[in-house]
Amino acid sequence: MSEHFDVAVLGLGPGGEVAADRLLKAGKNVVVFERELIGGECAYWACIPSKTVLRPPEARTEVQRAAGVSGAELDWAATAKYRDYMIRNLDDQAQVDGYIKEGAVVIKDEARITGPGRIQAGDREITAEHIIIATGSDAVIPPLDGIDQITAWTNRETYTTSTLPERAVIIGGSAVGVETATFLARFGVAITLIHCGERLLDREGPRVGELAHQYLQEAGIDIRLATSAVQARREGADSIIELQTRDGDPAGEVAADVVIFGTGRTPRTEGLGFEHAGVTLGDHGEIQIDDHCRAGENTWAIGDVTGIMPFTHVAKYQGRIAADAILGRPHPATYDGIPRVVFTDPEIAGAGLTVVGHEVLATRRRLR
């Protein structure tokens, strides 16, 4: 016996939450699915914990740079305790209770689309007039021979750890890699940052990468550009990464306690039956959407799963776009002026499209 709803929201990260809240306030009968924790990656394993642990070293650095004030010291145990408070100790019961109080049906299970307007989650069969897909993304760990032998972390292990390593290799020089390097180095971890590109933060203008490089070096970080990891192995307690240059020449090796992968994210679409709702996937697994976040007949997609811009505020914006379209007041999305920040020290902020961003959006428009 299936249960019927006006709207089903698959994934309760920031975008899914905004859409669900908007629809509930409009009187819609809503069912929400979340296989992990309501709040998603940002609330528990990414944005919130990373900015929480970046703030104390930022404050200490400000003290060090200011004349007439001194004595700021870092306390990792106190920082970790406050971080745990900020990520709700990985407990979303209050959020579950809140949605139930608002009138939503909450299903804590992975949802799979089995046909137009039809969803299966465990032994429950759901039908819905509209489906919003907000399943987010997963961290990418590139294929690396020997990776099973080493201690490999993504953002999840990095930003929930109770004990900091003494040495870490970070692979990836985008925003995640650069922020992670800043956080760990300021807390005294010896960092080697490996990046295959010619400069850091290569989605931004060249000068941005140069400045980030300068400040990270001043923080004691060993930066290896135009270099890739090609082999991993363990020697005793050490995780060893063998390196090569972009031209394929050996570039030595580096040892660490942990190897942290900041090598991008991939839309979470595999094995969830989205094809049964008429959804089209792009070359990287992202859901193709129109300017109203429509992905198919009465099917919508928002957030990282669309592959447009992997920012929390973009997911929330798309949540409003999709909800308003369902409510009969459609207005098109535009991404030309999206702001962004990389929380290095000092911070790097931008707004609008870079050359890379313009090319990505132009490609998406051609595919639609």
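This is a predicted model: local features need pLDDT of at least 70, side-chain atom pairs count only at pLDDT 80 or more; totals for chains, interfaces and linings use all residues.
Side chains of opposite charge can pair when their charged atoms come close. In the present model, 27 salt bridges were identified. One of them joins Glu125 to Arg118, with a distance of 3.2 Å between the closest N and O atoms. Both partners were assigned to the partly exposed class: Glu125 has a relative accessibility of 29%, and Arg118 has a relative accessibility of 33%.

A further salt bridge is formed by the side chains of Asp238 and Arg167, for which the N to O distance is 2.6 Å. This pair connects distant parts of the chain, since Asp238 belongs to strand S13 (residues 238–245) and Arg167 to strand S9 (residues 167–171), a separation of 71 residues. Asp238 is partly exposed because its relative accessibility is 24%, a value that lies between the limits of 20% and 50% for this class. Arg167, at 26%, is likewise counted as partly exposed.

Glu198 and Arg246 also meet through their side chains in a salt bridge, at 3.1 Å from N to O. Here, too, distant parts of the chain are linked, the two residues being 48 residues apart. Glu198 is placed in the loop between strand S10 (190–194) and helix H8 (206–218), whereas Arg246 is found in the loop between S13 and strand S14 (250–256). With a relative accessibility of 51%, Glu198 counts as exposed. Elsewhere, salt bridges with shared partners unite Arg35, Glu110, Asp138 and Arg268 into one network.

Arg268 is also a neighbour of Thr135, whose contacts beyond four places in sequence are with Leu10, Arg268, Leu272, Phe274 and Val305. Thr135 is located in the loop between strand S6 (124–133) and strand S7 (137–139). Its relative accessibility is 13%, and Thr135 is therefore classed as buried, the limit for this class being under 20%. The side chain of Thr135 reaches the backbone oxygen of Arg268 at a distance of 2.8 Å.

Empty space within the model was examined next. Rolling a probe the size of a water molecule over the atoms shows where empty space is left. The second largest pocket has a volume of about 160 Å³. Its lining consists of Pro14, Glu17, Gly39, Cys42, Ala43, Ile48, Met86, Arg88, Thr312 and Lys316. Two or more of these residues are contributed by each of helix H1 (14–25), helix H2 (40–44) and helix H9 (312–326). By class, the lining of this pocket comprises five nonpolar, two polar and three charged residues.

For the largest cavity, the volume is about 50 Å³. The residues that line this cavity are Thr182, Arg186, Ala212, Tyr215, Leu216, Ala219, Thr344 and Asp345. At least two lining residues are supplied by helix H7 (175–186) and at least two by H8. The largest share, amounting to three residues, comes from H8. In the lining of the largest cavity, four residues are nonpolar, two are polar and two are charged.

Notes. Residues are numbered from 1 along each chain as its sequence is written. Side-chain values use heavy atoms; hydrogens and water are left out. A salt bridge is a side-chain nitrogen of Lys or Arg within 4 Å of a carboxyl oxygen of Asp or Glu. Buried means under 20% relative accessible area, exposed over 50%, partly exposed in between (1.4 Å probe, protein chains only). Helices (H or I, at least four residues) and strands (E, at least two) are DSSP runs, numbered from the N terminus. On a 1 Å grid over the protein atoms alone, a cavity is a set of points where a 1.4 Å probe fits but cannot get out, and a pocket is an open set with protein on both sides within 12 Å along at least five of seven lines; lining residues have an atom within 4 Å of a point. Grid points are joined across faces, edges and corners, and a volume is the space filled by probe spheres set on the points. Ala, Val, Leu, Ile, Met, Phe, Trp, Tyr, Cys and Pro count as nonpolar, Asp, Glu, Lys and Arg as charged, and the others, Gly among them, as polar. A polar contact is a pair of N or O atoms within 3.5 Å; within protein, one must be able to donate a hydrogen and the other to accept it, and residues adjacent in sequence count only if both atoms are side-chain atoms. Contact means heavy atoms within 4.5 Å.
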